[in-house]
Amino acid sequence: MNNKRKNFLEKRYKSEKRFQLFGLASISLALIFLAIFLIKIFSNGYSAFTKTWIFVEVNYDRELLLLEENPSSEDLNNADYYDIAYQSIIALDPEVDESSETFLIEMFAYNYELEIKNYLKKNPSDLGKIVKLKLTASDDIDQINKGNYPRDIPEENRRVNNYQLKIFDMLEARGDIINTFNLSFFTNPDSREAELAGIASSFMGTLFSILVCLVFSFPIAVLAGIYLEEFAPKNKFTDFIEVNINNLAAVPSIVFGLLGLGVLINIFGLPRSTPLVGGITLSLMTLPTIIIAARASLKAVPPSIKEAALAMGASKMQTTLHHAVPLSMPGTLSGTIIGLAQALGETAPLILIGMVAFVNTIPGSPLDPAASLPVQVYIWSESAERGFVEKVSACIMVLLIFLITMNLTAQIIRHRFEKKWS
Amino acid sequence: MKSKISAKGVNVYYGEKQALKNISIEIGEKEVTALIGPSGCGKSTFLRCLNRMNDVIDICRVEGSIKFDNLEINSKELDVVRLRENVGMVFQKPNPFPKTIYENIAYGPTIHGLVQSKQELDEIVETSLKKAALWNEVKDRLHEIGTGLSGGQQQRLCIARAISIKPEVILMDEPCSALDPIATAQIEELIDELKNEHTIVIVTHSMSQAARVSQKTGFFHLGNLIEFDSTEKIFKNPGNQQTQDYITGRFG
Ligand SMILES: Nc1ncnc2c1ncn2[C@@H]1O[C@H](COP(=O)(O)OP(=O)(O)OP(=O)(O)O)[C@@H](O)[C@H]1O
Ligand SMILES: [Mg+2]
């Protein structure tokens, strides 16, 4: 090999190396950003998955409750638990003076009375006994316990006063403060109180919205894609439709929200704030994405396979349904997942159709009012309490896990199809 | 010999470009007609006229009359599904469906409703594969994917697929270009056997193959049918100088 060619070859190798380095660098950069993002979200949010409880000895005094022996469950439900709840809590500090009693009460979530009542409803035989119960701590105590609030700042800047801190330390030394997995974050609907707020409503809202979106957009989009790609005559009119589908994919989502509000709610009278309306609105956004993906993957089916089917005497429709469509499915599904993932994170259109309303019930069907995960993130991020800050991050984590699950499912379905077809 | 397909004054255009010029040819029933000629002369184009496969090419336009028995192939009213059921095709490049070997063969009989039971279908699959000289190689893996076979095996699979619905006419576009001599000999044997019941039109680049398998030979050049006669005459005593040059390899 002469020198000139050798140099040339070296140059080629060098440029190849450089190219690989650039690729590696950009991937590393992307990964670093991703890692920073995930670490930030996780470090902010992981504490939302635990919850602080305070043990309290509750005296289910029959006389204070004004109950007879062996009361019916209705009686148990109607009894007034205020007194025993109050007494049990202020008994935590035997030397408490009257002015500090509210401080003690404020260490608990506002629904302490309900928790005490629910326990007795479940264990009616404990009537007349003294039971050690764990009650949900207030958000401030929760944050102190998790170390999210500084303790060494002046009292007037603190949300927990010196007296409460003293009691907290005393209880903790006694082992009466415990930290457990925060199940209620997943089972509770939204609440004004951070310690009680959960994602059940928004999670179900998102789930229903995505399902509605899938049901409305997938069949329509796939049929539209098949028709446009395989059957429609190629003329000015279909060109016009094609241009408009591409335009539709670029329309800002808030416009679809207005459409949902104006048409679905105001004209068709569908119920406001429901996943049904949310899902249909989102499906307007996913439709063009899926149509474009379906057409692209139909176009990518080798013509030789279609010709083979046609030459065997298959009709146009048989050729399409037996060969082209199955081969295009992996691509179409990828497009569908991309579309759904976009829809999953959409906030603006859902706010417009009212899925931003404060919902403290868990929706059982797409016709019940609900929030959605991204809207929940938006709502909580408006609140100042530290308890909501960690919940925002936790909610984002749930959203991400939702997304990953969706992508994995798509991967598995894709894999099935590919295994079957190639 | 009765003619099965008769083309009269066929012109084919790809857009502005004319690919076939005034072709007239009579394809005899139950004999093998070979089409030879240099690359790009329009052999495949002509073959695709016979089962209307040119329909799928938007820019392609076919003029003239092509009669299949008494049916006008080149007519708008023609039912192409019925035509293709009777005029099968093996393409130049193997194009099995990305499905199992079994499904590849079973597809035609199934869509045309030729079988009543799984047993009948199994039988068709077996005889088709046997005729295409592929059975021994694939009998143990009928449910593996057809595209996983070697190129030559794929081509034989396509032949088996084409004969599975017993078309009256079989069009073959260089069916042996990807095959080794043994498989080629088997296919030639198959063609010999098929001609008892089917009419065959085969495009080939191998002079010896044309001479071995065909009764009639047509020589194409630059979109013209230069000469069409009995194979014996074409190879022993061609009437045209160009034909003479081409078959003796002194062409171009
Ligand atoms: N789809 C097409 N679009 C435009 N031109 C085409 C198309 N198919 C074939 N042609 C042209 O038509 C002419 C004939 O092509 P054809 O494929 O029939 O040749 P052939 O004789 O089969 O050649 P080969 O032996 O190489 O297969 C060629 O000049 C080719 O460029
Ligand atoms: Mg050809």
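**Note on a predicted two-chain model**

1. A buried loop residue. B:N54 is found in the loop that runs between α1 (43-49) and β4 (60-68) of chain B. The model is a predicted one. Is B:N54 buried or exposed? B:N54 has a relative accessible area of 4%, and because the cut-off for a buried residue is under 20%, B:N54 counts as buried.

2. The surroundings of B:N54. The side chain of B:N54 reaches the backbone oxygen of B:T45 at 3.3 Å. That side chain also makes a polar contact with the side chain of B:R48, at 3.3 Å. When residues up to four places away in sequence are not counted, B:N54 touches B:Y14, B:T45, B:R48, B:C49, B:C60 and B:V62.

3. From B:R48 to the other chain. Which residue of chain A forms a salt bridge with B:R48? The partner is A:E307, and the closest N and O atoms of the pair are 3.2 Å apart. The rule finds 1 salt bridge across the interface of chain A and chain B. Between chain A and chain B there are also 5 residue pairs in polar contact, with both residues at pLDDT 80 or more. On the side of chain A that touches chain B, α14 (303-311), α15 (316-345) and α18 (386-421) of chain A each supply at least two residues. The largest share of that side, 7 residues, comes from α14(A).

4. The extent of the chain interface. The size of an interface is often given as the accessible area lost when the parts come together. Chain A and chain B bury about 1,700 Å² between them, with 66% of it on carbon and sulfur atoms. Within chain A, the residues that lose the most area to chain B are A:E307, A:A311 and A:M312, which together give 37% of what that side buries. The contact takes 18 residues from chain A and 24 residues from chain B.

5. Two domains in chain A. The domain assignment of chain A gives domain 1 (48-182) and domain 2 (200-421). The centres of domain 1 of chain A and domain 2 of chain A, taken over C-alpha atoms, are separated by 46 Å. Where the two meet, 10 residues of domain 1 of chain A are in contact with 7 residues of domain 2 of chain A. The area buried between these domains is about 680 Å², and carbon and sulfur atoms give 56% of that area. A:A48, A:F49 and A:N148 supply 54% of the area that domain 1 of chain A buries against domain 2 of chain A, more than any other three residues.

6. A:K146 and its two partners. Side chains of opposite charge can pair when their charged atoms come close. Across the interface of domain 1 of chain A and domain 2 of chain A, the rule finds 1 salt bridge. The side chains of A:K146 and A:E390 meet in a salt bridge, at 2.9 Å from N to O. A:K146 also forms a salt bridge with A:D142, the closest N and O atoms being 2.9 Å apart. A:K146 and A:D142 both lie in helix α7 (residues 139-146) of chain A, 4 residues apart, or about one turn of the helix. Both A:K146 and A:D142 are buried.

7. Salt bridges within chain B. B:K2 forms a salt bridge with B:D69, the closest N and O atoms being 4.0 Å apart. This pair links distant parts of the chain: B:K2 lies in the segment before β1 (3-14) of chain B, and B:D69 lies in the loop between β4 and β5 (71-72) of chain B, 67 residues apart. B:D69 is partly exposed, with a relative accessible area of 33%. In another pair, B:D55 forms a salt bridge with B:R52, the closest N and O atoms being 3.1 Å apart. At 39% relative accessibility B:D55 counts as partly exposed, whereas B:R52, at 13%, counts as buried. Salt bridges that share partners join B:K2, B:K4, B:E29, B:D69 and B:E168 into one network.

8. In soluble globular proteins, nonpolar side chains tend to be buried together. The largest nonpolar core has 42 residues, and those with the most contacts inside it are B:L129, B:I191 and B:I202. Helix α6 (residues 151-163) of chain B gives the most to this core, with 6 residues. A second, separate core of 39 residues includes A:A194, A:L261, A:I265 and A:C395.

Definitions and conventions
Residues are numbered from 1 along each chain as its sequence is written. Chains are lettered from A and ligands numbered from 1 in the order in which they are written. This is a predicted model: local features need pLDDT of at least 70, side-chain atom pairs count only at pLDDT 80 or more; totals for chains, interfaces and linings use all residues. Side-chain values use heavy atoms; hydrogens and water are left out. A nonpolar core is a set of buried Ala, Val, Leu, Ile, Met, Phe, Trp, Tyr and Cys residues joined through side-chain atoms within 4.5 Å. Buried means under 20% relative accessible area, exposed over 50%, partly exposed in between (1.4 Å probe, protein chains only). Domain bounds come from an automatic or database domain assignment. Contact means heavy atoms within 4.5 Å. Buried area is the accessible area (1.4 Å probe) that two parts lose on being put together, summed over both. A polar contact is a pair of N or O atoms within 3.5 Å; within protein, one must be able to donate a hydrogen and the other to accept it, and residues adjacent in sequence count only if both atoms are side-chain atoms.
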